[in-house]
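Trainee: I would like to check the labels on this model one by one. Please set each value against its cut-off before you conclude.

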Amino acid sequence: MNKLKLVFATNNANKLKEVQAMLTNFEIISLADINCFDDIPETANTLEGNAILKANYITEKFGYNCFADDTGLEVKALNNEPGVFSARYAGKENNAEANMNKLLTNLGETTNREAQFRTAIALNMNQKQYIFEGICKGQILTKKQGDSGFGYDPIFMPKGYKKSFAEMDMIEKGAISHRGKAIEKLVTFLNNQD
């Protein structure tokens with residue numbers, strides 16, 4: 001039986017690995033696999049908007065069924081910053097260290113360290129579009145802990161845990177993460193398609 005082939009519109013190798021590990025019944029291919037090396041604009045002011053822009057770009061230009069995600073870290077005490085600007089919080093370089101340092105500096109001694117990661121996924125399949133969302137609540141640590149994961153993982157501790165995302169392996173993180181929850185909804189949906 002042929003596996004359903006879906007393009008995951010990302011250039012982030014870490015994200016691709018994480019998602020392939022969760023979607024084993026499907027053939028998940030990357031942008032590089034379809035020879036797409038374009039810098040897809042993410043100019044929307046919402047996570048959903050950016051996910052839709054990326055998915056539509058691939059479907060329109062390459063004709064594939066595809067899904068794209070956008071994820072933001074929303075920190076309550078900072079009016080939900082960095083949000084849609086999470087990857088570029090400290091500048092266009094997408095530097096995770098600089099982003100974390102800026103966030104920790106902006107939070108300073110603030111005691112309310114409540115935060116949530118939110119992922120929006122846009123799926124374009126057979127001329128229809130579907131949106132899925134996943135949220136993981138937690139808090140921002142005062143210093144970095146752990147060295148696996150990526151992005152803000154070393155300073156985010158999910159609710160009910162005593163360790164950061166960066167101290168978890170991919171399977172443990174995937175089971176509770178925002179992306180994991182959004183992907184779970186995507187998988188359930190895909191499994192119910194004939």
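Mentor: Start with the surface: Lys137, Lys159, Lys181 and Lys185 form a positive patch. Bear in mind that the model is predicted.

Trainee: What makes the patch of Lys137, Lys159, Lys181 and Lys185 positive?

Mentor: Lys and Arg count as positive, and the members of this patch are Lys137, Lys159, Lys181 and Lys185.

Trainee: Why is Lys159 called exposed?

Mentor: Exposed means over 50% relative accessible area. Lys159 has 65% relative accessibility, so Lys159 counts as exposed. Lys159 sits in the loop between strand 7 (156-158) and helix 4 (170-176).

Trainee: How do you know what span to expect for helix 5, residues 178-191?

Mentor: The expected span is 1.5 Å times one less than the number of residues. Helix 5 has 14 residues, and the expected value is 20 Å. From first C-alpha to last, helix 5 reaches 20 Å, close to that expectation.

Trainee: Which residues of helix 5 are called buried?

Mentor: Buried means under 20% relative accessible area. The buried residues of helix 5 are His178, Arg179, Gly180, Ala182, Ile183, Leu186, Val187, Phe189 and Leu190.

Trainee: Why is the contact of Lys61 with Asp38 called a salt bridge?

Mentor: The cut-off is 4 Å between a side-chain nitrogen of Lys or Arg and a carboxyl oxygen of Asp or Glu. The N to O distance for Lys61 and Asp38 is 2.7 Å, and their side chains meet in a salt bridge. Lys61 belongs to helix 2 (residues 47-62) and Asp38 to the loop between strand 2 (26-29) and helix 2, so the pair ties together parts 23 residues apart in sequence.

Trainee: What is the closest N and O distance in the salt bridge of Glu172 with Lys163?

Mentor: The closest N and O atoms of Glu172 and Lys163 are 3.2 Å apart. Glu172 counts as partly exposed at 26% relative accessibility, and Lys163 is partly exposed with 28%. Eleven salt bridges are found in the whole structure. Glu48, Glu74, Arg118 and Glu133 are linked in a network of such bridges.

Trainee: What makes the backbone at Asn35 and at Asn79 worth a note?

Mentor: Most residues other than glycine have a negative phi. Asn35 is not a glycine, yet has a positive phi of about 60°; phi of Asn79 is near 55°. Asn35 is in the loop between strand 2 and helix 2, and Asn79 is in the loop between strand 3 and strand 4. Asn35 is exposed, with a relative accessible area of 58%, and Asn79 counts as exposed at 72%.

Trainee: What kind of peptide bond joins Glu81 and Pro82?

Mentor: Most peptide bonds are trans. The bond between Glu81 and Pro82 is cis, with omega about -5°. Pro82 lies in strand 4.

Conventions
Residues numbered from 1 in each chain as written. Predicted model: local features only at pLDDT ≥ 70, side-chain atom pairs only at ≥ 80, totals over all residues. Heavy atoms only, no water. Patch = residues over 30% accessible without salt bridge, like charges linked within 9 Å, V, L, I, M, F, W, Y side chains within 5 Å. Areas by Shrake-Rupley, 256 points an atom, 1.4 Å probe, with all protein chains shown as cover. Charge placed at Lys NZ, Arg CZ, Asp CG, Glu CD. Helix = DSSP H or I, 4+ residues; strand = E, 2+ residues; numbered from the N terminus. Buried < 20%, exposed > 50% of the residue type's maximum accessible area, 1.4 Å probe, protein only.
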